[in-house]
Amino acid sequence: MAALVREIRIDGLKRKALEELSRKYLLALGPEEMEAIQAHYRGLGRNPTDIELETIAQTWSEHCIHKTFSSRIEYREDGRTELIENLLKETIFRATRELDRPYCLSVFQDNAGVVELDDRYALAFKVETHNHPSALEPYGGAGTGIGGVIRDVLGVGLGARPILNTDVFCFGPLDYPHDRLPAGVLHPRRIYKGVVSGVRDYGNRMGIPTANGAILFDPGFLANPLVFCGTLGLMPRDSIEKEVRPGDLILVIGGRTGRDGIHGATFSSLSLKKGISASVVQIGAPITEKRLADVLLVARDRRLYSSLTDCGAGGLSSAVGELGKTTGAEVHLEKVPLKYAGLEPWEIWVSEAQERMVLAVPPEHREEIAALCAAENVEATFIGRFTRTGELRLCYRGETVGRLGTDFLYRGLPRLLRQAVYNTPRPAAVRLPEKVDHAAILEKLLSHPNIASKEKVIRQYDHEVQGQTVIKPLAGRNGPSDAVVLKPLAASGRRGVAVANGINLYGRLDPYRAAANAIDEALRNLTAVGGDPDRASLLDNFCWGDVGDPEVLGALVRAARACRDLSLAYRVPFISGKDSLNNYFVTDDGRHLSVPPILLVSSLSTVPNLERAVTLDLKRAGSRLYLLGETFPELGGSHYLRRLGLEGGTVPEVRPVPARERMLGLHRAIMDGLVLSCHDLSEGGLAVAAAEMAFSGGLGLELDLRRGGFKEMERDDQVLFSESASRFLVEVEPDRAGDFEARLSGTHLAAFGRVVAEPHLSVIGLGGGEIIRSSLAELGRAWRDALPW
Amino acid sequence: MSAPRVLILRTAGTNCDLETEHGFRLAGAKPDRVHINRLLERSVRLADYQALVIPGGFSYGDDLSAGKVLANELRLKLKDDLFAFAAAGRPVIGICNGFQVLVKTGLLPGFNAGGGRLTLTFNDSGHFEDRWVHLRCAGASPLLEGLRNETISLPVAHGEGKFLADGPETLERLKANGQVALQYATPEGEPTLEFPANPNGSEAAVAAVTNQAGNVLGMMPHPERFLFYYSHPRWTRGEGKSQDGLRLIRSFVRYAAAG
């Protein structure tokens with residue numbers, strides 16, 4: 001077997017040498033893990049082959065197995081120490097299990113979370129990150145990010161039809177000076193353009209609407225952009241279960257295997273530095289994936305296979321390994337169709353070449369599925385079969401090149417004890433300026449890249465293909481919708497699907513509150529359009545820095561606990577999640593540039609009657625404007641302070657008990673047709689939300705802060721720009737006001753404004769004087785024209 | 001009048017076929033989504049259908065140029081069937097990518113006397129755009145009988161939709177023959193060259209044309225995306241009650257049923 005496969009000598013190596021070996025082969029394994037492998041092979045009385053070692057590295061990679069999140073952690077918070085046995089199980093999983101909501105059909109076990117839509121259909125939702133590839137090769141990285149998450153959804157249960165893509169990006173500032181860019185880092189403009197066009201070209205070609213997302217800018221993303229790609233799928237409820245049976249044939253369908261994306265899983269588990277070869281990034285071909293999707297869904301409905309999964313990180317090694325986890329499998333690698341000759345067996349096995357899926361096909365369907373694929377020019381190749389040996393047996397041209405017990409592969413990973421520490425920071429008092437030009441600040445906030453219109457990006461995405469988009473990303477006069485609402489053509493009745501997200505930059509100041517606010521925002525956004533807050537589901541995507549640093553890991557513990565607490569308090573379960581760790585870059589002179597702790601929360605719910613869905617644009621002169629929810633002097637991390645260049649202050653606290661009541665009441669009011677427009681308050685606070693509602697509807701707004709019911713608020717700027725959680729602005733016709741208020745009894749609300757025909761925003765301050773009088777045209781222009789493309 | 005059988009042609013990269021099928025079903029037709037391989041292997045015959053639809057998408061990725069590969073496949077392998085179908089007066093509609101295909105097969109502009117060439121090229125903006133537009137229904141095609149002289153709303157979503165004729169003479173012939181079926185217009189119905197009302201810079205604001213006989217229609221906007229009032233981007237403001245896309249498909253189906 002010498003020519004085909006190398007034996008890697010690990011027996012007898014000392015810790016240092018093992019570490020060296022891990023680095024040399026880009027295995028991304030730590031010394032304890034290398035020692036566990038060494039011990040295992042000593043027991044077998046031999047050394048591993050290259051393909052065996054590679055398989056273990058892929059399977060044990062942070063990217064594939066999320067070992068940090070499920071490791072044991074010695075956690076010290078403000079001097080008190082405790083042992084966390086398994087962070088994920090004790091926080092997010094636990095909340096979902098305790099809640100046990102009946103609409104959850106399959107959670108945390110398949111490629112995506114699955115929840116009920118109606119009696120016949122289920123929804124599958126998954127969000128992935130593709131950060132490292134997008135930093136190296138923005139166009140290809142982002143495109144294959146979308147391509148990968150689409151396959152996740154195609155591979156959930158027996159397969160779901162993708163009906164929506166979501167995209168959230170975090171970039172460095174677009175005006176960052178070129179001469180200060182660290183060596184090996186692409187300029188944020190180049191990353192931005194590449195990522196947007198990568199997502200556009202892949203998503204549009206697949207015929208999946210991209211209709212929800214966000215873009216944030218912060219210097220913390222300079223060397224490590226974050227690219228979150230999500231896909232929502234629709235599937236019949238009888239297609240959720242899958243099970244591989246011994247004797248099933250292993251079928252690879254779709255694209256061919258090449259040398260692209262070798263070591264993607266392990267590379268993305270490490271930090272970035274200058275000079276990483278772009279061969280770790282895969283190359284996308286959307287039409288190949290579209291063809292694959294077309295035949296796959298037909299084969300699903302004919303029940304031609306008993307299980308499937310996508311080829312993502314780790315390539316065939318992960319896909320076949322995962323499917324054959326409980327059975328075992330025998331694979332003949334020479335049968336795998338290649339893009340070009342010359343791949344070694346281990347390369348075929350771990351290549352992350354795109355657009356491939358692996359199916360378990362009962363022998364009796366062999367001919368039919370092959371014919372179906374051939375009928376639509378989809379390459380389909382049987383490469384082996386599932387066994388009952390509990391072993392992965394890898395063969396190449398008649399020789400066995402690797403044998404791995406699935407027991408060791410999936411249960412042999414040593415659980416490490418990690419250190420985490422968190423010291424609750426004391427928020428520094430912030431000295432606000434004595435005189436504030438509120439109108440000027442409002443314009444500056446509207447043109448802040450995090451708040452300004454993303455229309456130029458949104459229009460490049462086909463957000464209406466499939467003909468199901470009911471509330472679009474742009475509403476009224478191209479205003480910013482809080483959530484997208486879909487009406488699946490296949491489903492009968494008037495039930496819609498709402499999808500939104502929450503994300504913020506508070507993580508550096510307070511990771512617990514950052515996570516709480518992300519959850520709150522994701523739910524507010526759903527509620528604002530008519531989504532039912534009592535039928536909602538959440539997805540988590542943590543993007544963290546160097547978790548080898550106890551403080552960084554401590555922040556992760558805090559954020560995960562916020563997820564547990566808020567999930568329980570809102571009675572909303574997490575159904576799927578993914579973490580991307582080690583998002584930091586090591587510069588030539590050894591500095592670590594790390595992302596701030598970021599949690600993206602994606603949310604999904606149903607709209608009981610989509611004909612009652614609402615948008616944010618003001619509808620009618622003469623209406624009342626209500627503020628729902630309390631405002632606190634919480635300016636910490638606000639965009640107001642960012643614009644002033646100030647630091648300090650308190651990060652908004654989420655108070656879930658009143659917030660949940662408020663959301664439930666607002667939802668009743670919306671479904672009863674009492675609400676003309678509704679917008680949640682987020683970046684920039686009250687003033688920004690009011691301005692957006694006004695220019696999006698082409699109607700003016702006159703607010704009187706003295707009637708806003710603000711307690712403990714002394715300054716107009718705190719009222720206007722605080723980003724306190726769980727608040728909404730709601731437009732109601734005067735003769736419906738009584739009914740509206742009755743639905744929201746017990747919640748904090750104040751009718752403090754009215755909609756006028758005159759195209760301006762006027763605000764009377766707490767002191768009684770007019771503190772803002774701006775034309776809608778100016779406000780709209782500031783918001784619309786800020787981003788270059 | 002029985003429900004006409006409508007063949008919705010699809011291939012690798014077709015991606016508006018499901019909603020197009022839905023629209024034709026709502027409009028009273030009996031649509032079948034058929035992969036081009038079935039026509040090539042002759043297991044399905046175009047002649048068995050009353051109408052042909054080439055829906056939107058990125059056929060074969062639009063890798064050479066939009067619709068080029070599918071057009072060549074039709075032109076080189078199915079030319080007799082396709083041209084006979086059109087010559088017999090059976091209705092054909094190409095939407096978005098389908099329009100690009102019809103132009104590249106030579107079915108459009110379809111002057112009786114021959115000559116004249118059209119193309120759909122890159123938008124003036126240089127990239128793909130999805131936006132709703134107003135359209136003036138003009139021309140003499142019986143396919144759009146039900147919408148004559150109205151101003152309707154539909155979305156466009158394309159990167160290569162800028163209509164160009166090979167010279168002023170071709171454009172004049174199109175106009176004189178009543179072959180300009182839809183024009184990008186202001187909300188008041190005035191054809192316009194101004195962005196974004198004219199989303200791609202199309203010459204003479206042309207959004208759709210027919211052949212001279214009027215039974216082959218190519219259009220960039222997507223009627224299958226406006227089957228319900230709540231598909232309109234401003235339905236929460238009370239707009240969109242007219243469901244123009246469904247009405248357009250109905251008008252087409254009525255003609256197919258009569259033929």
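Tutor: Start with residues 18-67 of chain A: their end C-alpha atoms lie 20 Å apart, and the span is 70% helix and 0% strand. Helices (H or I, at least four residues) and strands (E, at least two) are DSSP runs, numbered from the N terminus. The model is predicted: local features need pLDDT of at least 70, side-chain atom pairs count only at pLDDT 80 or more, and totals for chains, interfaces and linings use all residues. Residues are numbered from 1 along each chain as its sequence is written, chains are lettered from A and ligands numbered from 1 in the order in which they are written, and side-chain values use heavy atoms, with hydrogens and water left out.

Student: What does UniProt call residues 18-67 of chain A?
Tutor: The unreviewed entry annotates them as "domain: Phosphoribosylformylglycinamidine synthase linker". UniProt positions are given in the numbering used here, feature names are shortened, and annotations may be inferred rather than shown by experiment.

Student: Take Ser22(A). Where is it?
Tutor: In helix H1 of chain A, residues 15-24. Ser22(A) counts as buried because its relative accessibility is 5%. Buried means under 20% relative accessible area, exposed over 50%, partly exposed in between (1.4 Å probe, protein chains only).

Student: And what does Ser22(A) touch?
Tutor: Leu27(A), Ala28(A), Leu29(A) and Met34(A), not counting residues up to four places away in sequence. Contact means heavy atoms within 4.5 Å.

Student: Now Ser239(A). Buried or exposed?
Tutor: Buried, at 0% relative accessibility. Ser239(A) is in the loop between strand S8 (226-236) and strand S9 (249-254) of chain A.

Student: Where does Cys96(B) sit?
Tutor: In the loop between strand S4 (92-95) and helix H5 (97-105) of chain B. Its 5% relative accessibility is why Cys96(B) counts as buried. Leaving out residues up to four places away in sequence, Cys96(B) touches Gly56(B), Ala157(B), His158(B), Met219(B), Met220(B) and His222(B).

Student: What about Glu224(B), buried or exposed?
Tutor: Buried, at 2% relative accessibility. Glu224(B) is in the loop between strand S11 (216-219) and helix H7 (244-258) of chain B. A 2.7 Å polar contact joins its side chain to that of His222(B).

Student: How many aromatic pairs are there over all chains?
Tutor: The structure holds 17. One is Phe695(A) with Trp783(A): ring centres 5.2 Å apart and planes at 40°, so the pair is tilted. Rings of Phe, Tyr and Trp (its six-membered ring) pair if their centres lie within 6.5 Å; planes under 30 degrees apart count as stacked, over 60 as edge-to-face and the rest as tilted.

Student: Where in chain A are Phe695(A) and Trp783(A)?
Tutor: Phe695(A) is in helix H21 (residues 685-697) and Trp783(A) in helix H24 (residues 776-784), 88 residues apart. Trp783(A) counts as buried, at 2% relative accessibility.

Student: Last one. How many helices and strands does chain B have?
Tutor: Seven helices and eleven strands. The radius of gyration of chain B is 17 Å, close to the 18 Å that the globule rule gives for 259 residues, so chain B is as compact as a globular protein of that length. The radius of gyration is taken over C-alpha atoms; the globule rule is 2.2 Å times the number of residues to the power 0.38. Buried residues make up 59% of the 259 residues in chain B.

Technical notes: Polar contact = N/O pair within 3.5 Å; in protein donor to acceptor, adjacent residues only side chain to side chain.
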